[in-house]
Amino acid sequence: MEHLSIIGNRSMRCSTSCILAVVFLLILSGTACASVEARKLANPEQQKVYENLTSELRCLVCQNQTIADSNAELAADLRRQVYEMLEQGKSKQDIIQFMTDRYGDFVLYNPPFKAKTGVLWLGPVAFLLIGLVTVFLFVRRKKSAVSPGYRNENAEKLVKVRNLLEKGDQS
Amino acid sequence: MLKYILPLLLFIVLAVFLALGLNLHPGEIPSPLLNKPAPAFSASKLQAPEEKLTPADLKGKVWLFNVWASWCASCRSEHPILNQLAQQKAAIIVGLNYKDEPDAAKGWLEQLGNPYDVSIMDQDGRIGIDYGVYGVPETFVIDKQGLIRYKHTGPVTPDDVQQVFLPLIAKLQAEN
(Lines give C-alpha, C1' and ligand atoms only; values in the text may rest on other atoms or scores of the structure.)
Protein backbone atom coordinates (compact mmCIF):
# COMPACT_ATOMS: atom_id res chain seq x y z
CA MET A 1 0.00 0.00 0.00
CA GLU A 2 2.78 2.32 1.03
CA HIS A 3 4.49 1.70 -2.32
CA LEU A 4 1.35 2.44 -4.27
CA SER A 5 0.70 5.72 -2.52
CA ILE A 6 4.23 6.87 -3.35
CA ILE A 7 3.61 6.22 -7.02
CA GLY A 8 0.35 8.11 -6.73
CA ASN A 9 2.18 11.02 -5.16
CA ARG A 10 4.80 11.07 -7.81
CA SER A 11 2.30 11.14 -10.66
CA MET A 12 0.53 13.94 -8.85
CA ARG A 13 3.76 15.92 -8.72
CA CYS A 14 4.29 15.25 -12.40
CA SER A 15 0.88 16.61 -13.32
CA THR A 16 1.48 19.84 -11.36
CA SER A 17 4.82 20.31 -13.13
CA CYS A 18 3.09 19.59 -16.44
CA ILE A 19 0.54 22.28 -15.71
CA LEU A 20 3.32 24.68 -14.76
CA ALA A 21 5.10 23.89 -18.01
CA VAL A 22 1.93 24.52 -20.00
CA VAL A 23 1.33 27.82 -18.21
CA PHE A 24 4.93 28.82 -18.88
CA LEU A 25 4.57 27.97 -22.58
CA LEU A 26 1.35 29.96 -22.76
CA ILE A 27 3.10 32.99 -21.27
CA LEU A 28 5.95 32.56 -23.74
CA SER A 29 3.61 32.27 -26.72
CA GLY A 30 1.85 35.43 -25.56
CA THR A 31 5.06 37.42 -25.68
CA ALA A 32 5.97 35.86 -29.03
CA CYS A 33 2.68 37.06 -30.54
CA ALA A 34 3.18 40.57 -29.21
CA SER A 35 6.62 40.93 -30.72
CA VAL A 36 6.39 43.84 -33.09
CA GLU A 37 9.54 45.57 -34.22
CA ALA A 38 10.53 48.56 -32.07
CA ARG A 39 10.73 51.86 -33.92
CA LYS A 40 12.06 54.98 -32.30
CA LEU A 41 11.71 58.43 -33.79
CA ALA A 42 14.20 61.07 -32.65
CA ASN A 43 11.44 63.54 -31.86
CA PRO A 44 9.34 62.39 -28.85
CA GLU A 45 6.39 64.37 -30.19
CA GLN A 46 6.56 62.37 -33.44
CA GLN A 47 7.02 59.15 -31.48
CA LYS A 48 3.70 59.90 -29.79
CA VAL A 49 2.05 60.48 -33.18
CA TYR A 50 3.54 57.19 -34.44
CA GLU A 51 2.17 55.22 -31.50
CA ASN A 52 -1.14 57.02 -31.72
CA LEU A 53 -1.53 56.45 -35.47
CA THR A 54 -0.52 52.79 -35.51
CA SER A 55 -3.16 52.06 -32.89
CA GLU A 56 -5.80 53.98 -34.85
CA LEU A 57 -5.24 52.35 -38.23
CA ARG A 58 -6.90 49.04 -38.96
CA CYS A 59 -4.94 46.09 -40.25
CA LEU A 60 -6.86 45.13 -43.38
CA VAL A 61 -5.81 41.51 -43.29
CA CYS A 62 -6.91 40.71 -39.75
CA GLN A 63 -9.66 43.25 -39.56
CA ASN A 64 -10.19 43.33 -35.84
CA GLN A 65 -6.64 44.37 -35.05
CA THR A 66 -4.83 47.66 -35.36
CA ILE A 67 -1.60 47.77 -37.32
CA ALA A 68 0.20 48.20 -33.98
CA ASP A 69 -1.20 44.87 -32.75
CA SER A 70 -0.99 42.82 -35.88
CA ASN A 71 1.76 40.52 -37.02
CA ALA A 72 0.51 40.42 -40.59
CA GLU A 73 3.04 41.44 -43.21
CA LEU A 74 0.77 44.17 -44.51
CA ALA A 75 0.57 45.64 -40.99
CA ALA A 76 4.38 45.68 -40.82
CA ASP A 77 4.51 47.42 -44.22
CA LEU A 78 1.97 50.00 -43.11
CA ARG A 79 3.89 50.65 -39.87
CA ARG A 80 6.99 51.19 -42.00
CA GLN A 81 5.00 53.58 -44.18
CA VAL A 82 3.80 55.60 -41.18
CA TYR A 83 7.33 55.71 -39.76
CA GLU A 84 8.88 56.87 -43.02
CA MET A 85 6.26 59.53 -43.60
CA LEU A 86 6.81 60.91 -40.09
CA GLU A 87 10.56 60.97 -40.72
CA GLN A 88 9.89 62.96 -43.87
CA GLY A 89 8.07 65.47 -41.67
CA LYS A 90 4.54 64.59 -42.77
CA SER A 91 1.74 65.46 -40.34
CA LYS A 92 -0.75 63.06 -38.80
CA GLN A 93 -3.43 64.42 -41.13
CA ASP A 94 -1.20 63.78 -44.17
CA ILE A 95 -0.75 60.17 -43.17
CA ILE A 96 -4.45 59.62 -42.50
CA GLN A 97 -5.17 61.11 -45.93
CA PHE A 98 -2.56 58.81 -47.52
CA MET A 99 -4.17 55.74 -45.95
CA THR A 100 -7.79 56.64 -46.73
CA ASP A 101 -6.85 57.49 -50.33
CA ARG A 102 -5.72 53.90 -50.71
CA TYR A 103 -7.86 51.84 -48.36
CA GLY A 104 -10.93 54.03 -47.74
CA ASP A 105 -12.45 55.03 -44.41
CA PHE A 106 -12.39 51.38 -43.45
CA VAL A 107 -8.73 51.71 -42.50
CA LEU A 108 -9.65 54.14 -39.73
CA TYR A 109 -10.80 52.82 -36.38
CA ASN A 110 -12.13 56.31 -35.78
CA PRO A 111 -13.94 57.10 -39.05
CA PRO A 112 -15.03 60.68 -39.84
CA PHE A 113 -18.70 61.60 -39.62
CA LYS A 114 -20.19 61.92 -43.09
CA ALA A 115 -23.15 60.71 -45.13
CA LYS A 116 -21.59 57.30 -45.72
CA THR A 117 -20.72 56.68 -42.08
CA GLY A 118 -23.88 58.31 -40.70
CA VAL A 119 -25.58 55.02 -39.82
CA LEU A 120 -22.43 53.90 -38.04
CA TRP A 121 -22.36 56.97 -35.83
CA LEU A 122 -26.09 57.60 -35.36
CA GLY A 123 -27.25 53.97 -35.27
CA PRO A 124 -26.36 53.36 -31.61
CA VAL A 125 -27.98 56.67 -30.54
CA ALA A 126 -31.12 55.77 -32.50
CA PHE A 127 -31.25 52.33 -30.89
CA LEU A 128 -30.78 53.87 -27.44
CA LEU A 129 -33.62 56.32 -28.07
CA ILE A 130 -35.92 53.56 -29.35
CA GLY A 131 -35.07 51.55 -26.25
CA LEU A 132 -35.73 54.44 -23.88
CA VAL A 133 -39.06 55.30 -25.51
CA THR A 134 -40.11 51.64 -25.42
CA VAL A 135 -39.22 51.29 -21.75
CA PHE A 136 -41.03 54.55 -20.95
CA LEU A 137 -44.21 53.50 -22.77
CA PHE A 138 -44.08 50.01 -21.31
CA VAL A 139 -43.65 51.22 -17.73
CA ARG A 140 -46.39 53.83 -18.06
CA ARG A 141 -48.85 51.33 -19.49
CA LYS A 142 -48.08 48.76 -16.78
CA LYS A 143 -48.56 51.36 -14.07
CA SER A 144 -51.93 52.62 -15.35
CA ALA A 145 -53.13 49.09 -16.10
CA VAL A 146 -52.30 47.62 -12.72
CA SER A 147 -52.79 50.32 -10.14
CA PRO A 148 -56.62 50.87 -9.93
CA GLY A 149 -57.48 47.23 -9.39
CA TYR A 150 -54.52 46.76 -7.12
CA ARG A 151 -55.51 49.77 -5.03
CA ASN A 152 -59.13 48.58 -4.71
CA GLU A 153 -58.06 45.16 -3.65
CA ASN A 154 -55.75 46.65 -1.09
CA ALA A 155 -58.45 48.93 0.24
CA GLU A 156 -60.75 45.96 0.77
CA LYS A 157 -58.03 44.07 2.56
CA LEU A 158 -57.28 47.08 4.75
CA VAL A 159 -60.89 47.28 5.86
CA LYS A 160 -60.89 43.59 6.69
CA VAL A 161 -57.68 43.87 8.67
CA ARG A 162 -58.92 46.90 10.56
CA ASN A 163 -62.12 45.07 11.40
CA LEU A 164 -60.18 42.08 12.61
CA LEU A 165 -57.93 44.24 14.76
CA GLU A 166 -60.75 46.21 16.28
CA LYS A 167 -63.33 43.52 16.81
CA GLY A 168 -61.28 40.36 16.87
CA ASP A 169 -62.04 37.21 14.94
CA GLN A 170 -65.77 36.64 15.15
CA SER A 171 -66.05 33.85 12.69
CA MET B 1 -54.10 41.23 -31.50
CA LEU B 2 -51.06 43.50 -31.25
CA LYS B 3 -49.72 41.09 -28.66
CA TYR B 4 -49.36 38.44 -31.35
CA ILE B 5 -48.40 40.62 -34.29
CA LEU B 6 -45.64 42.57 -32.54
CA PRO B 7 -43.39 39.58 -31.73
CA LEU B 8 -43.96 38.29 -35.25
CA LEU B 9 -42.94 41.66 -36.73
CA LEU B 10 -39.88 41.81 -34.49
CA PHE B 11 -38.95 38.30 -35.55
CA ILE B 12 -39.32 39.19 -39.24
CA VAL B 13 -37.16 42.31 -38.83
CA LEU B 14 -34.51 40.29 -37.00
CA ALA B 15 -34.63 37.51 -39.59
CA VAL B 16 -34.22 40.01 -42.44
CA PHE B 17 -31.20 41.61 -40.76
CA LEU B 18 -29.61 38.23 -40.08
CA ALA B 19 -30.26 37.05 -43.64
CA LEU B 20 -28.66 40.21 -45.03
CA GLY B 21 -25.75 39.75 -42.63
CA LEU B 22 -25.18 36.21 -43.88
CA ASN B 23 -24.84 37.48 -47.43
CA LEU B 24 -22.46 40.34 -46.68
CA HIS B 25 -18.77 40.00 -47.39
CA PRO B 26 -17.08 42.11 -44.72
CA GLY B 27 -13.72 40.87 -46.01
CA GLU B 28 -14.24 42.79 -49.22
CA ILE B 29 -13.40 46.41 -48.71
CA PRO B 30 -14.67 48.85 -51.34
CA SER B 31 -11.72 50.50 -53.02
CA PRO B 32 -11.57 54.30 -53.03
CA LEU B 33 -9.45 54.02 -56.19
CA LEU B 34 -12.38 53.20 -58.47
CA ASN B 35 -12.61 55.61 -61.41
CA LYS B 36 -9.35 57.24 -60.33
CA PRO B 37 -6.10 57.16 -62.28
CA ALA B 38 -4.04 54.02 -61.69
CA PRO B 39 -1.31 55.05 -59.21
CA ALA B 40 2.03 55.66 -60.89
CA PHE B 41 4.97 53.31 -60.45
CA SER B 42 8.18 52.52 -62.21
CA ALA B 43 9.01 48.91 -61.52
CA SER B 44 11.51 46.36 -62.79
CA LYS B 45 10.18 43.58 -64.97
CA LEU B 46 10.42 40.13 -63.45
CA GLN B 47 11.87 38.51 -66.58
CA ALA B 48 14.12 41.47 -67.45
CA PRO B 49 15.03 43.39 -64.27
CA GLU B 50 16.98 46.02 -66.19
CA GLU B 51 13.78 47.12 -67.95
CA LYS B 52 11.14 49.22 -66.23
CA LEU B 53 7.40 49.46 -66.73
CA THR B 54 5.17 52.40 -65.86
CA PRO B 55 1.39 52.73 -66.27
CA ALA B 56 2.07 55.46 -68.84
CA ASP B 57 3.52 52.76 -71.15
CA LEU B 58 0.04 51.22 -71.28
CA LYS B 59 -1.92 54.38 -72.12
CA GLY B 60 -4.46 53.72 -74.83
CA LYS B 61 -4.77 50.06 -73.93
CA VAL B 62 -7.17 48.15 -71.70
CA TRP B 63 -5.20 46.11 -69.20
CA LEU B 64 -5.71 43.84 -66.25
CA PHE B 65 -3.43 44.28 -63.28
CA ASN B 66 -3.27 41.02 -61.35
CA VAL B 67 -1.53 40.88 -57.98
CA TRP B 68 0.08 37.47 -57.43
CA ALA B 69 2.82 35.69 -55.53
CA SER B 70 4.33 32.24 -55.55
CA TRP B 71 3.61 31.92 -51.81
CA CYS B 72 -0.10 32.61 -52.34
CA ALA B 73 -2.25 29.49 -52.28
CA SER B 74 -5.36 31.07 -53.84
CA CYS B 75 -3.21 32.36 -56.71
CA ARG B 76 -2.52 28.74 -57.60
CA SER B 77 -6.23 28.00 -57.96
CA GLU B 78 -6.71 31.19 -59.94
CA HIS B 79 -3.80 30.56 -62.28
CA PRO B 80 -5.42 28.18 -64.84
CA ILE B 81 -8.30 30.65 -65.23
CA LEU B 82 -5.85 33.47 -65.98
CA ASN B 83 -4.10 31.19 -68.47
CA GLN B 84 -7.39 30.64 -70.27
CA LEU B 85 -8.21 34.34 -70.18
CA ALA B 86 -4.79 35.14 -71.63
CA GLN B 87 -5.46 32.82 -74.58
CA GLN B 88 -8.52 34.85 -75.51
CA LYS B 89 -6.31 37.95 -75.82
CA ALA B 90 -9.16 40.19 -74.70
CA ALA B 91 -6.81 42.55 -72.86
CA ILE B 92 -3.21 42.90 -71.80
CA ILE B 93 -2.53 41.15 -68.49
CA VAL B 94 0.11 42.72 -66.29
CA GLY B 95 1.20 40.82 -63.18
CA LEU B 96 2.29 42.48 -59.97
CA ASN B 97 4.58 39.96 -58.33
CA TYR B 98 3.93 41.03 -54.75
CA LYS B 99 6.49 40.51 -51.97
CA ASP B 100 8.01 37.51 -53.66
CA GLU B 101 11.41 36.02 -54.42
CA PRO B 102 12.15 36.58 -58.13
CA ASP B 103 13.55 33.05 -58.53
CA ALA B 104 10.55 31.43 -56.86
CA ALA B 105 8.24 33.58 -59.01
CA LYS B 106 10.00 32.64 -62.26
CA GLY B 107 9.93 28.95 -61.30
CA TRP B 108 6.22 29.24 -60.61
CA LEU B 109 5.55 30.69 -64.08
CA GLU B 110 7.66 28.01 -65.74
CA GLN B 111 5.82 25.28 -63.92
CA LEU B 112 2.24 26.57 -64.25
CA GLY B 113 2.41 28.64 -67.42
CA ASN B 114 2.69 32.38 -67.84
CA PRO B 115 -0.57 34.26 -68.52
CA TYR B 116 1.11 37.66 -68.12
CA ASP B 117 2.22 39.85 -70.98
CA VAL B 118 4.61 41.24 -68.42
CA SER B 119 5.11 40.88 -64.67
CA ILE B 120 6.70 43.54 -62.51
CA MET B 121 8.32 43.10 -59.13
CA ASP B 122 7.15 44.67 -55.90
CA GLN B 123 9.43 43.04 -53.39
CA ASP B 124 8.87 45.49 -50.54
CA GLY B 125 5.12 45.85 -51.15
CA ARG B 126 5.11 49.60 -51.85
CA ILE B 127 3.23 49.40 -55.14
CA GLY B 128 0.80 47.14 -53.31
CA ILE B 129 0.16 49.85 -50.73
CA ASP B 130 -0.40 52.45 -53.48
CA TYR B 131 -3.04 50.19 -55.00
CA GLY B 132 -4.65 49.45 -51.63
CA VAL B 133 -3.77 45.77 -51.87
CA TYR B 134 -4.65 43.91 -48.68
CA GLY B 135 -5.03 40.38 -49.91
CA VAL B 136 -3.55 38.42 -52.75
CA PRO B 137 -4.78 37.74 -55.40
CA GLU B 138 -6.43 40.97 -56.46
CA THR B 139 -7.26 42.06 -60.00
CA PHE B 140 -7.77 45.58 -61.32
CA VAL B 141 -9.24 46.49 -64.70
CA ILE B 142 -7.74 49.68 -66.13
CA ASP B 143 -9.14 51.51 -69.13
CA LYS B 144 -7.51 53.30 -72.07
CA GLN B 145 -7.36 56.57 -70.13
CA GLY B 146 -5.50 54.84 -67.32
CA LEU B 147 -8.46 54.90 -64.92
CA ILE B 148 -9.15 51.98 -62.59
CA ARG B 149 -12.62 50.80 -63.55
CA TYR B 150 -12.99 47.65 -61.48
CA LYS B 151 -11.33 45.85 -58.62
CA HIS B 152 -11.75 42.19 -57.81
CA THR B 153 -10.56 40.82 -54.47
CA GLY B 154 -9.71 37.14 -54.15
CA PRO B 155 -9.27 34.53 -56.87
CA VAL B 156 -11.06 35.15 -60.16
CA THR B 157 -13.49 32.33 -60.95
CA PRO B 158 -14.66 31.19 -64.43
CA ASP B 159 -18.04 32.78 -63.62
CA ASP B 160 -16.34 36.10 -62.83
CA VAL B 161 -14.54 35.94 -66.18
CA GLN B 162 -17.74 35.27 -68.14
CA GLN B 163 -20.08 37.56 -66.24
CA VAL B 164 -17.84 40.45 -65.20
CA PHE B 165 -14.42 40.62 -66.80
CA LEU B 166 -15.15 39.81 -70.45
CA PRO B 167 -18.23 42.10 -70.74
CA LEU B 168 -16.37 44.93 -68.97
CA ILE B 169 -13.27 44.52 -71.15
CA ALA B 170 -15.43 44.53 -74.29
CA LYS B 171 -17.12 47.72 -73.11
CA LEU B 172 -13.82 49.40 -72.32
CA GLN B 173 -12.26 48.31 -75.62
CA ALA B 174 -15.16 50.06 -77.40
CA GLU B 175 -14.48 53.32 -75.56
CA ASN B 176 -12.06 55.82 -76.93
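## The sheet of chain B

In chain B, five strands form an open sheet with mixed pairing, in the order E5-E4-E3-E6-E7; strands are DSSP runs of at least two residues, helices H or I runs of at least four, both numbered from the N terminus, and two strands pair if DSSP finds at least two bridges between them. E5 (118-122) and E7 (148-153) of chain B stand at the edges with a single partner strand each, so one side of each has no neighbour in the sheet. On average, neighbouring strands are turned by 20° against each other, direction ignored (axes are lines fitted to C-alpha atoms, for helices over the stretch in contact, and angles between N-to-C directions run from 0 to 180 degrees).

Strands E3 (residues 63-68) and E4 (residues 92-98) of chain B run parallel, joined by six bridges. Trp68(B) has Asn97(B) in E4(B) as its bridge partner.

## About the model

This is a predicted model, where local features need pLDDT of at least 70, side-chain atom pairs count only at pLDDT 80 or more, and totals for chains, interfaces and linings use all residues. Residues are numbered from 1 along each chain as its sequence is written, while chains are lettered from A and ligands numbered from 1 in the order in which they are written.

## Where the chains meet

Twelve residues of chain A are in contact with eleven of chain B, contact meaning C-beta atoms, placed from the backbone, within 7 Å. On the chain B side, the residues divide into five nonpolar, four polar and two charged (Ala, Val, Leu, Ile, Met, Phe, Trp, Tyr, Cys and Pro count as nonpolar, Asp, Glu, Lys and Arg as charged, the others, Gly among them, as polar).

How values were computed:
Contact = placed C-beta atoms within 7 Å.
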